[in-house]
Amino acid sequence: MSIINETRQADDGAEGPVVSANTDGVPAAERFGWWSDMVGDEVMPVTIRSPHAARFRGSVEAVGMPHSQVATFTFSPMTARRSPLQIRRHDPEEYYLVLVQGSPVRLDQADSVACLEAGDMALFSTSAPLVSDFLDQGRQTRLTLLRLARSALPLAGGRADRLLAESLSTRPGSGSAALLGAYLGGLPTAAHACDPAELARLGAIGVDLAATVLAGRLGAQDTLSPETRKAVLRARIKLFIEHNLGDPELVPAAIAAQHHISVRSLHLLFRHEPETVGAMIRRLRLERCHADLTDPALGHRTLAATAARWGFRHPADFGRAFRKAYGVPPGEVRAGARARARALDAQEACARCRRSPGRHGPQ
């Protein structure tokens with residue numbers, strides 16, 4: 001059993017696809033050592049140094065999947081080194097893609113150096129010496145790692161090694177890399193609501209996206225299997241749908257044209273998915289509407305405006321679809337949200353009264 005699982009079970013005994021642990025439950029004098037052992041267990045053995053060792057803080061949230069793992073780490077600034085001796089002692093022969101989400105990271109491996117800012121990504125290997133400097137900018141470092149077995153990448157002969165410590169941007173316009181960045185950034189949160197089958201599908205998508213990004217960087221797209229290409233295209237289409245829900249013209253024909261495929265090919269692409277393209281659009285639009293209706297900050301917006309914001313042409317159609325999905329009309333959901341907000345305001349007002357001495361209270 002891994003250190004993170006031991007710590008999680010000691011904390012709350014919970015079970016699920018996402019496990020988490022942090023240094024708060026470890027005696028202060030043992031926190032830095034615990035973190036070093038945890039990194040060695042969950043990632044690979046390294047030697048770490050930190051000017052914050054005496055007051056070190058860190059947390060990890062990991063999602064285990066059949067062929068990969070995604071883990072988000074937040075920790076005090078430090079330096080990590082992996083030596084040839086550590087490699088000889090234990091080498092799991094894995095790759096990691098690291099997505100930087102906070103302070104800059106300097107990655108040095110295989111005669112290449114990458115200086116990574118927030119939104120940048122890079123590949124590193126457990127099989128070569130490595131130096132990682134997590135720069136101190138007065139706040140904790142935050143990053144997400146995707147673990148990939150060498151056998152999971154369709155890049156024979158160690159071709160991926162040519163990309164070690166090379167900066168890959170995940171910013172908008174970077175194609176599949178942007179998709180992979182969004183996947184890594186959102187998976188730990190999304191996984192909380194996943195059943196095992198859905199989690200397995202998400203894991204496969206991550207491996208396919210990583211393979212596509214790396215193969216594209218190497219000009220080796222022809223090494224990708226048809227299944228991988230289809231999975232990445234599905235991921236692109238899903239992201240396109242999420243970004244365009246407010247467009248009432250978002251229909252299968254428009255989606256197919258945007259991605260240069262026929263409507264029939266679009267439906268075939270999703271035939272083994274849990275829902276059709278049309279059902280996905282409807283569900284996502286209703287979810288956005290429900291979120292708006294329960295948001296006190298949007299209480300001034302009419303039901304018709306809410307429906308139009310998320311692509312419903314006719315309020316009556318929206319009302320019927322909403323009631324079918326949630327069992328109550330949208331107006332009732334809004335009224336309930338307003339009532340809860342008023343009750344919360346009243347509770348806070350009473351709490352303030354109790355905390356404040358009255359006119360005749362103690363002087």
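Colleague: In which strand is E94 found?
Modeller: Happy to start there, with the ground rules: this is a predicted model, where local features need pLDDT of at least 70, side-chain atom pairs count only at pLDDT 80 or more, and totals for chains, interfaces and linings use all residues. Residues are numbered from 1 along each chain as its sequence is written, and side-chain values use heavy atoms, with hydrogens and water left out. Helices (H or I, at least four residues) and strands (E, at least two) are DSSP runs numbered from the N terminus. E94 belongs to the strand covering residues 94–100, which is β6.

Colleague: Is E94 buried or exposed?
Modeller: Buried means under 20% relative accessible area, exposed over 50% and partly exposed in between, with a 1.4 Å probe and protein chains only. E94 has 16% relative accessibility, so E94 counts as buried.

Colleague: Which residues is E94 in contact with, leaving aside its neighbours within four places in sequence?
Modeller: Contact here means heavy atoms within 4.5 Å. With those neighbours set aside, the partners of E94 are F124, S125, T126, R147, L148 and A149.

Colleague: How many aromatic pairs does the structure hold?
Modeller: Rings of Phe, Tyr and Trp (its six-membered ring) pair if their centres lie within 6.5 Å; planes under 30 degrees apart count as stacked, over 60 as edge-to-face and the rest as tilted. By that rule, the number of aromatic pairs is ten.

Colleague: Why is the pair of F32 and F56 edge-to-face?
Modeller: A pair of aromatic rings is described by the distance of the centres and the angle of the planes. For F32 and F56 the centres are 5.2 Å apart, and the pair is edge-to-face because the planes stand at 70°.

Colleague: How many residues apart in sequence are the parts that this pair ties together?
Modeller: F32 sits in helix α2 (residues 31–42), while F56 is in the loop between β2 (47–49) and β3 (58–65). F32 is buried at 18% relative accessible area, and F56 is buried at 1%. The pair therefore ties together parts whose separation in sequence is 24 residues.

Colleague: What is the angle between the planes of W35 and F56?
Modeller: W35, in helix α2, and F56, in the loop between β2 and β3, are 21 residues apart, and their pair links distant parts of the chain. W35 is buried, with a relative accessible area of 0%. This aromatic pair is tilted, with 5.7 Å centre to centre and a plane angle of 50°.
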